[in-house]
Structures are given as structure tokens and as C-alpha cells.
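Subject: Structure handover

Hello,

Here is the structure I said I would pass on. My notes on it follow below.

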Amino acid sequence: MDALSGAGPRRARGRLGAASPGARAAAAPWARFSAWLECVCVVTFDLELGQALELVYPSDFRLTDKEKSSICYLSFPDSHSGCLGDTQFSFRIRQCGGQKSPWHAEDQHYNSGAPMSLQREPAHYFGYVYFRQVKDSSMKRGYFQKSLVLVSRLPFVRLFQALLSLIAPEYFDKLAPCLEAVCNEIDQWPAPVPGQTLNLPVMGVVLQVHVPSRVDRPEHSPPKQCSHENLLPAPVVLTSVHELDLFRCFQPVLTHVQTLWELMLLGEPLVVLAPSPAMSSEMVLALISCLQPLKFCCDYRPYFTIHDSEFKEFTTRTQAPPNVVLGVTNPFFIKTLQHWPHILRVGEPKMSGDLPKQVKLKKPSRLKTLDTKPGLYTTYSAHLHRDKALLKRLLKGLQKKRPWDTQTALLRRHLLELTQSFIIPLEHYMASLMPLQKSITPWKTPPQIRPFRQDDFLRSLEHAGPQLTCILKGDWLGLYRRFFKSPHFDGWYRQRHKEMAQKLEALHLEAICEANIETWMKDKSEVEVVDLVLKLQEKLVQAQGHQLPVKETTLERAQLYIETVVGSLPKDLQAVLCPP
């Protein structure tokens, strides 16, 4: 496999296959490109080597040998898929160390405004693939087989699929010069800023996208139209950078959406066996999106093969299956992973009347190594009753030929309301653990957030439970008890506790800034005064790094206080605390 390896700068501006030495000295080369993509790869089929990395651009982007191997194997459908023509799918791989790009330092700025589920991945890469396999008598195997892969840490599947559908066909015809031009265009794009609607020009087309923000309303909202006066041609408006057509993805499993939502909520190990990488990756990503706005805290692989570096780790029988959702196409996995508790086998979409044929719930003992029929193989019993009204509405929509985006909006709203009904009682209880604002005084350490007591929370459900916002009946208590043992509770609790701790620090800083500091200083020793300066300086650093939710006026007052306090100290201490 061909690509540069070894130590050195993560990027330098250069031509395809050859880096420009002078560019290495430039400040943050490819910074705008890096805000969206890590690199672009081309994977081809070599008769002697098999899948091989033909090209990496920018050429100085450093991939480890393990990352290269994973990208090569995951960029081609395996032999069981038989994908002829053009197909798009995605994968997700673990980063294997190495130097980070300079842009990683800017993650905090983007992540602080982005929804939890759309933050930049700190330890994984997404691969967005456009694969072409067509008959070609000039090739030794009789086929042209090549994949164009966009590698990113952003989960913007809709945006990158749209981008690939523009550039891949052109690249397969014109090859390297076209790709270099596209990468240079992307290097002119504005950075993704949560809440902004951006125009992204590429190959004579302008893609208009809205970058989601955590303050956006949760329901689906297309981007606001920007002024088109100076945009020729008129932009192609993407209604979302990340949302899939949920109704189409879930067609064969509509009757089990509730059960699958519970499995996702509890972080249960699940294998999705599909006929193609496109179907497996879409089903996995659709399942992951069920929990929005809750962040999916487990591992997931939209497309996974036996060649993956984590194959042994995921298939071992010496320990319990990991909390991961795997999308596969090779039936061999039925045998290898038959000890996993939940296996979803989906076939090619088949219509049964107005509704696509639904998979059935089956016991794992009915799994056959070969020719496994579609079904959800599990012993899991859902805690909540099925929402029959939702199924009736979706079926009625099919009969009336309601637009699919309307059906998707209906399904997405149902899942969103279900997740919110589950999370709101947790949020309310967590908020009750926050110390009262009147207990925060300027010159004492802020009080601690009280501990989360599961029994207290469960008792609170009787008068403040999900029944207030959700009509579904069932064993909500049992679902919460299992949720407490899942990675999602741990992830949610850590994040909320962190945000509350930061809020507490911010309130303490505000209390200090509203107090009369000169009165406080009158009877204080130098040690106490120096200690206050150090604490204020530390809080300022935190706040300026977007880690404390404080107003600009509070920051200015804190800086003024530091100057006032330092000015009261001897010259030698002033020099130590505020060096020139």
C-alpha cells in the first residue's frame, strides 16, 4: 500500500504525491481544509497487492500503517455484496496515535457550540466512500474498481455524500488534476461554525448548509436562505448536514423501532447484517441517531470486515461482547458473533402490501450459520409497550402516498419525544443537586454538587416521571435501572456534572466581582491576597478558554480586580504575579 509514513509535520501544502518543502514553514497549512476533512484517499484494486492506497491528499498527511490498512479494506465492499456500478457508504475507524493536525487545537471552539452528537471525534476517523465497479476490458480482471474516500472527524454524512456525488464521477474520468483542484477549493471554505448557514463552492456548484448548533430547536429545520444575489449559479440547499432518511432506513424494522431504541439507549451490543455496505452503514447510523439529542457514548462501526484490526477484539469469546454496534455484510459473522445477544438481519427491501415486509422477532437459537433469514434475533423483552398509533399513522401515510420526508419527520419526532421524555426527569433531578445561588459567597470555596442517588431519583418518578410527557405505558422503572448500568448514563452524568461544576465556578467568579474587594483586603495577609490573585487568574484562563459560562463584563471586572489587588502588593511580588 502506498502512502507516506513516519514522523514529521502532519500536513504541508503540496502537490499530489509530492510535498512542497517551502510550504512546511507556512503557518497552519491547509487549516481551512482541515476544518472539514483530514485527508482524501484513493483506493484501487491491485492484482498482486489486493486493495492498495493509490493516493493521499494532502500528500504529507500522516496515516499509520494500521490506519492505511483499515481504510483500504473498508473502502471496498466485500465479495458477498456484489456491488456493480456506483455505491456510497461510510465507515468509522479508531485513530492509532501519531501527531495531530494543528486544527485539533481549535476543536474546543467548534465543540462548545455544536450539539453533543455532532462534535468532532477525538479518537476516531469517519470514512465516506464512493465506490465504482464497472466492466472494463482494458483491465486485467475485466473490471475497473476504485474508491474515492473522504476522511473526516465530523459526522456530516449527508454533506460528504453530496460532495462525493459531485466530485467522484468527475475524478474517475479526469483523475489527479481534478482532485487537486477540488482540495484547493475546499481549502477556501469558511470553517464550520455552529449556528451559521454557509455557502461552500465546489466544481461550479455552491452547496448551502446550516451547521447545527446546540441552541437550535431540536426539530428538523432546513437552513435559512442566504442572499442569492451574488451567487451564480443558485446554491444547492442541503436540508441537513447529517440527518439520514430515517423512514427509508427503518422500513424493514418499523414494528421494532421501540425495541431497537431501547437497545441503543442501554448501549447493548448489536450486529446488523445487511446485503451491502450501503445498507449496513445507513442502518447503523440511523440506529445511532435514535437517541438524539442524547450523545451516543458507545463504539459503533457502520461497516466492518474480517480484515479490521479490531476483529479479534470484537469476536473473542473469553469476555462479554463489547458495547458496540457493528454493521457487516459477510454471513461469516453469523458464526463468529453468534454469542452476541442481539443480531439484526435485514434483507433487500421487499414490499408486502403497502408496508415493506417487516423482520420478525426470533430467538437466537434459531440463528443458522448459512442462509439466515431476516429477523431480529434476541431474547430481549422491551420495557415499554409498542406505540401502535405511530405505526397506524405511518401505514396511513404510505397508503395516501405521503412524501417520505414527511414520514421521516413523523418518525424522527416520535423518537425525539421518546428520548426527551426519558431524559427530562433525569435533568430535573440533576438540577436539584445544584447548590442554591444564595449559598455561594465570594470569599469561601463554592459548595459541592450533591451526589446522584439512584433510589432518590427513582422515588421522584412517581410525581415527576416520563408519564407527564409520554403516553406510552410500561416498566419505566426497570428501564431506568438498566440505563444506570449503561455507558450512556455514565457519559450523560459526567457531561452534566462537568457543566454544573463550570456553572458553579462562574457564579463564584461573579460573586467575587460583585463584592467590595478593597474592604476585604484591609485585614488580609499577603499570603491570602496572593492566593486570591492566583485563583482569579486561574478562573480567567478557564473562562477565556470557553470553559466557564461568564459574561464579558465579568471577565473585564475580574481583570480589573487582579490589577487592583496586585497593585497593593510589594514590587517584588508584583513582578512574580504579573511579569512584564
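Strand β17 pairs with strand β18 (residues 375-378) in the parallel sense, over three bridges. Within this pair, Lys 360 has Gly 375 of β18 as its bridge partner. Please keep in mind that this is a predicted model.

The two strands belong to an open sheet of six strands, in the order β12-β13-β11-β14-β18-β17, with mixed pairing. At the edges stand β12 (299-301) and β17 (360-362); each has a single partner strand, so one side of each is left without a neighbour in the sheet. On average, and with direction ignored, neighbouring strands of this sheet are turned by 15 degrees against each other. As background, strands of a sheet pair through backbone hydrogen bonds, and the pairing is either parallel or antiparallel.

The loop between α8 and β12 holds Pro 293, and the peptide bond from Gln 292 to Pro 293 is cis, with omega near 10 degrees.

There is also a sheet of three strands. It is open, has the order β8-β9-β10, and its pairing is mixed. Here the edges are β8 (197-202) and β10 (236-237); each has a single partner strand, so one side of each is left without a neighbour in the sheet. Strand β9 (residues 205-210) pairs with β10 in the parallel sense, over two bridges, and Gln 208 stands opposite Val 237 in β10. Helix α4 (residues 157-174) packs on this sheet and touches β8 and β9. The direction of α4 makes about 175 degrees with that of β9.

In the loop between β8 and β9 you will find Met 203. Its phi is near 50 degrees, which is a positive value in a residue other than glycine.

Next, strand β3 (residues 39-46). How many of its eight residues are buried? Six of the eight are, and the strand is mostly covered. Strand β3 pairs with two strands that I can list for you:

- With β7 (residues 143-152), β3 pairs in the antiparallel sense over six bridges. Val 42 has Leu 148 of β7 as its bridge partner.
- With β4 (residues 50-57), β3 also runs antiparallel, and seven bridges join them. Val 40 stands opposite Tyr 57 in β4.

Tyr 57 comes up again in a cis peptide bond, which joins it to Pro 58 with omega at about 0 degrees. Pro 58 itself is in the loop between β4 and α2 (65-74).

Now to a pair of helices. Two packed helices are described by the angle between their axes and the distance between the axes. For helix α11 (residues 388-399) and helix α12 (residues 404-431), the axes come within 10 Å and cross at roughly 170 degrees. Angles over 145 degrees count as roughly antiparallel, and α11 and α12 are therefore roughly antiparallel to each other. On the α11 side, the contact is made by Leu 390, Arg 393, Leu 394, Gly 397 and Leu 398. On the α12 side, the contact is made by Gln 407, Leu 410, Leu 411 and His 414. Sorted by class, the contact has five nonpolar, three polar and one charged residues.

Between α11 and α12 there is a loop, and Lys 401 lies in it. Lys 401 has a positive phi of about 55 degrees although it is not a glycine. Lys 401 is exposed, with a relative accessible area of 71%.

Last, the cysteines. A disulfide is a covalent bond between the sulfur atoms of two cysteines. How many disulfides does a search of the whole structure find? It finds zero. Cys 96 is partly exposed, with a relative accessible area of 30%, whereas Cys 290 is buried, with a relative accessible area of 1%.

Regards

Technical notes. Residues are numbered from 1 along each chain as its sequence is written. This is a predicted model: local features need pLDDT of at least 70, side-chain atom pairs count only at pLDDT 80 or more; totals for chains, interfaces and linings use all residues. Side-chain values use heavy atoms; hydrogens and water are left out. Axes are lines fitted to C-alpha atoms, for helices over the stretch in contact, and angles run from 0 to 180 degrees between N-to-C directions. Helices (H or I, at least four residues) and strands (E, at least two) are DSSP runs, numbered from the N terminus. Angles under 35 degrees count as roughly parallel, over 145 as roughly antiparallel, 65 to 115 as roughly perpendicular and the rest as oblique. Contact means heavy atoms within 4.5 Å. Ala, Val, Leu, Ile, Met, Phe, Trp, Tyr, Cys and Pro count as nonpolar, Asp, Glu, Lys and Arg as charged, and the others, Gly among them, as polar. A disulfide is a pair of cysteine sulfur atoms within 2.5 Å. Buried means under 20% relative accessible area, exposed over 50%, partly exposed in between (1.4 Å probe, protein chains only). Two strands pair if DSSP finds at least two bridges between them.
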